[in-house]
Amino acid sequence: MSWIAMPCVSMFIVFRGLIVEMLYSSEFESILPYVTWAMAGTVLRCVSWCMGYVMLARGDGKAYVVCESVSAVVYLVLNTLFYEMWGIESLGKAYFLWYAVYCVTVMTVCRVRYGLRLRYAAMAVVTVSMLVVMLTMFLTDVSLLLGLAAAVTGCAVSVVALRRMTA
């Protein structure tokens with residue numbers, strides 16, 4: 001899932017200004033920091049959702065509801081704290097952190113309740129995806145061209161990895 005999400009997220013980050021202006025207007029430029037961090041959190045969202053559905057597949061609806069409830073509380077607390085402390089721009093960081101916490105929570109539940117662990121290869125995919133997205137994020141702030149180069153490189157890595165998986 002990360003090989004698919006990473007190029008989409010990276011390109012969205014590079015073209016976030018254009019996308020926000022097309023969907024809304026240039027007056028919404030102040031939400032770009034939110035959009036950037038929230039898109040980075042989307043990679044973690046993909047990973048955590050896949051693991052979260054393991055609970056449902058195992059018929060453990062109770063554990064799923066507890067995890068989701070705890071997650072909702074964490075989301076509310078993070079949004080409230082970050083907004084109060086740093087304003088609307090920080091809500092994207094709260095979103096990113098929320099899914100980082102949710103990933104750890106779901107991974108822990110899957111390990112403790114079902115004895116499941118992510119394989120090294122899966123962790124490597126998530127790590128590479130997050131590195132490419134973060135690199136794209138920071139390079140885009142330096143130069144749009146550098147950000148685009150990082151995103152295109154991420155797309156190429158993703159295509160090669162997906163081809164190897166299907167071969």
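**Exercise 1. Work out which residues line the largest pocket and where they come from.**

Start with the count: 21 residues line the largest pocket, and Val 47, Cys 50, Met 51, Leu 118 and Ala 122 lie nearest its centre. A pocket here is an open set of points on a 1 Å grid over the protein atoms alone, where a 1.4 Å probe fits, with protein on both sides within 12 Å along at least five of seven lines; lining residues have an atom within 4 Å of a point. Bear in mind that this is a predicted model, where local features need pLDDT of at least 70, side-chain atom pairs count only at pLDDT 80 or more, and totals for chains, interfaces and linings use all residues. Residues are numbered from 1 along each chain as its sequence is written, and side-chain values use heavy atoms, with hydrogens and water left out.

Next, the volume: the largest pocket holds about 430 Å³ of space, taken as the space filled by probe spheres set on the points, which are joined across faces, edges and corners.

Then trace the lining back to its helices (DSSP runs of H or I, at least four residues, numbered from the N terminus). At least two lining residues come from each of α1 (2-14), α3 (32-57), α5 (91-114), α6 (120-142) and α7 (144-166). The top contributor is α3, with 5 residues.

Finally, sort the lining by type: 17 nonpolar, 1 polar and 3 charged. Nonpolar covers Ala, Val, Leu, Ile, Met, Phe, Trp, Tyr, Cys and Pro; charged covers Asp, Glu, Lys and Arg; the others, Gly among them, are polar.

**Exercise 2. Check the length of α4, then look at what follows this helix.**

Helix α4 (residues 61-86) has 26 residues, so at 1.5 Å a residue its span should be 38 Å; the end C-alpha atoms sit 36 Å apart, which agrees. The expected span is 1.5 Å times one less than the number of residues.

Now pick out its buried residues (under 20% relative accessible area with a 1.4 Å probe, protein chains only; exposed is over 50%, partly exposed in between). They are Ala 63, Tyr 64, Cys 67, Ser 71, Leu 78, Asn 79 and Phe 82. Their cover includes α3 and α5.

Just past α4, Gly 87 has a positive phi of about 90 degrees. Gly 87 sits in the loop between α4 and α5, and is buried at a relative accessible area of 18%.

**Exercise 3. Find the aromatic pairs and say what they link.**

Two rings of Phe, Tyr or Trp (its six-membered ring) pair if their centres lie within 6.5 Å; planes under 30 degrees apart are stacked, over 60 edge-to-face, the rest tilted. The whole structure gives 10 aromatic pairs. One of them is Trp 37 with Phe 138, edge-to-face at 6.4 Å centre to centre and 75 degrees between the planes. Trp 37 belongs to α3 and Phe 138 to α6, so this pair ties together parts 101 residues apart in sequence. Trp 37 is buried at 19% relative accessibility, while Phe 138 is partly exposed at 47%.

Now take Tyr 95 and Trp 98, also edge-to-face, at 5.7 Å and 75 degrees. Both lie in α5, 3 residues apart, about one turn of the helix, and both are buried.

**Exercise 4. Describe the surroundings of Ser 158.**

Ser 158 is in helix α7 and counts as buried at 2% relative accessibility. Skipping neighbours within four places in sequence, Ser 158 is in contact (heavy atoms within 4.5 Å) with Trp 3, Ile 4, Met 6 and Pro 7.
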